[in-house]
Amino acid sequence: MSLPILVAVPADVRAFENYRWHATPDTYLKALTRVAGAIPVIVPALADEFDVAALLSRVDGLMMTGSASNVHPDRYGVEPSTAHEPFDPARDRLTEALIHGAIEIDLPLLCICRGHQELNVALGGTLATEIQDSEGRMDHRAIKHEEQRERFAVRHPVSVAAGGALAAIVGDDEIRVNSLHRQAIDRLAPGLAVEATAEDGTIEAVSVEGAKGFALGVQWHPEYWAESDAASAAIFHAFAAACRAYASARADAPRG
Ligand SMILES: N[C@@H](CCC(=O)NCCCC(=O)O)C(=O)O
């Protein structure tokens, strides 16, 4: 029987019942367990307290989640304002270290929503905030609804770049994706390739150029419908296959 794959998932920091919690929504964790067949390992946002490289050497993949919080604009050279809030600086520190560490060792990397934005910032790009207020841009925010599944149900089309990594995964030149964000990639980081765009030009998916394995960012939420939507499932299956290949290559490598 093949070894189970371990996927690191950085936590958000939240205040709850007088404590600081390091937590991750269970939709991401269930997509990993049920669709990717992986064991998620939630990583506390305590990057200064442990060796991030040592952690990455023990897992088979890294998945970055979405969050209502935003990457702090200090990280991409923009003056902070209330339009950039809320922040989660502990998550920012952890995710930047994880992204650099993962790319360095070609660890399979799936970055979702805030994660996709973090990937762009970590590699030197910038973000735009409140994009719905800019001329010609769509409103990419979630609808107001008490039911989470309704918030995640509204979809729009994105064009998938021909010949790219995402096209190979989903097997289509257009897919429909959900949308729950108010920031987006502004200046694309050097070293990232655009894999999909929305009708208003929003960069919806990117990949790391020259990556030996899977290194994909998506602005939407494949985790939410991974059990029922073909394109969402394809992304998790491709990520899982890359994690499995990584795990077996490491198991076969001579120990030094
Ligand atoms: N905060 C960023 C990233 C958006 C994101 O990750 N959304 C996750 C879902 C949040 C929700 O439930 O509303 C941005 O706004 O662009």
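## Overall fold

In this predicted model, residues 24 or more positions apart account for 67% of the contacts in the protein chain with a separation of 6 or more, where two residues are in contact if their C-beta atoms, placed from the backbone, lie within 7 Å. Residues are numbered from 1 along each chain as its sequence is written. Because the model is predicted, local features need pLDDT of at least 70 and side-chain atom pairs count only at pLDDT 80 or more, whereas totals for chains, interfaces and linings use all residues.

The protein chain holds seven helices and 13 strands; helices (H or I, at least four residues) and strands (E, at least two) are DSSP runs, numbered from the N terminus. With a radius of gyration of 17 Å, close to the 18 Å that the globule rule gives for 256 residues, the protein chain is as compact as a globular protein of that length; this radius is taken over C-alpha atoms, and the rule is 2.2 Å times the number of residues to the power 0.38. Along the principal axes, the C-alpha atoms of the protein chain fill a box of roughly 55 × 45 × 35 Å. Of the 256 residues, 43% are buried, a residue being buried if 20 or more other C-beta atoms lie within 10 Å of its own, exposed if 12 or fewer, and partly exposed in between, with C-beta atoms placed from the backbone.

Phe 16 stands opposite Tyr 19 in β3.

Two residues lie between the strands of this hairpin, and Glu 17 takes a positive phi near 50°. Asn 18, in the loop between β2 and β3, also has a positive phi, of about 70°, although it is not a glycine. Most residues other than glycine have a negative phi, and most peptide bonds are trans. Asn 18 counts as exposed because it has 5 C-beta neighbours inside 10 Å.

The loop between β5 (61-64) and α3 contains Pro 86, and the peptide bond from Glu 85 to Pro 86 is cis, with omega near 0°. Helix α3 (residues 89-104) has 16 residues, which at 1.5 Å a residue should span 22 Å, in agreement with the 23 Å between its end C-alpha atoms; the expected span is 1.5 Å times one less than the number of residues. Buried positions in α3 include Arg 91, Asp 92, Leu 94, Thr 95 and Leu 98.

Asp 106, which follows α3, is found in the loop between α3 and β6 (109-112). Its phi is positive, about 60°, although Asp 106 is not a glycine. With 17 other C-beta atoms within 10 Å, Asp 106 is partly exposed.

Nine of the nine residues of helix α4 (residues 114-122) are buried, so the helix is largely enclosed by the rest of the structure. Among these buried residues are Arg 114, His 116 and Glu 118. Just after α4, Gly 124 takes a positive phi of about 105°.

Arg 114 is also one of the closest residues to the ligand, together with Gly 66, Cys 113, His 181 and Gln 183, in a surrounding group of 13 residues; a residue is near a molecule if its C-beta atom, placed from the backbone, lies within 6 Å of it. The shell divides into four nonpolar, seven polar and two charged residues, with Ala, Val, Leu, Ile, Met, Phe, Trp, Tyr, Cys and Pro counted as nonpolar, Asp, Glu, Lys and Arg as charged, and the others, Gly among them, as polar.

Technical notes:
Two strands pair if DSSP finds at least two bridges between them.
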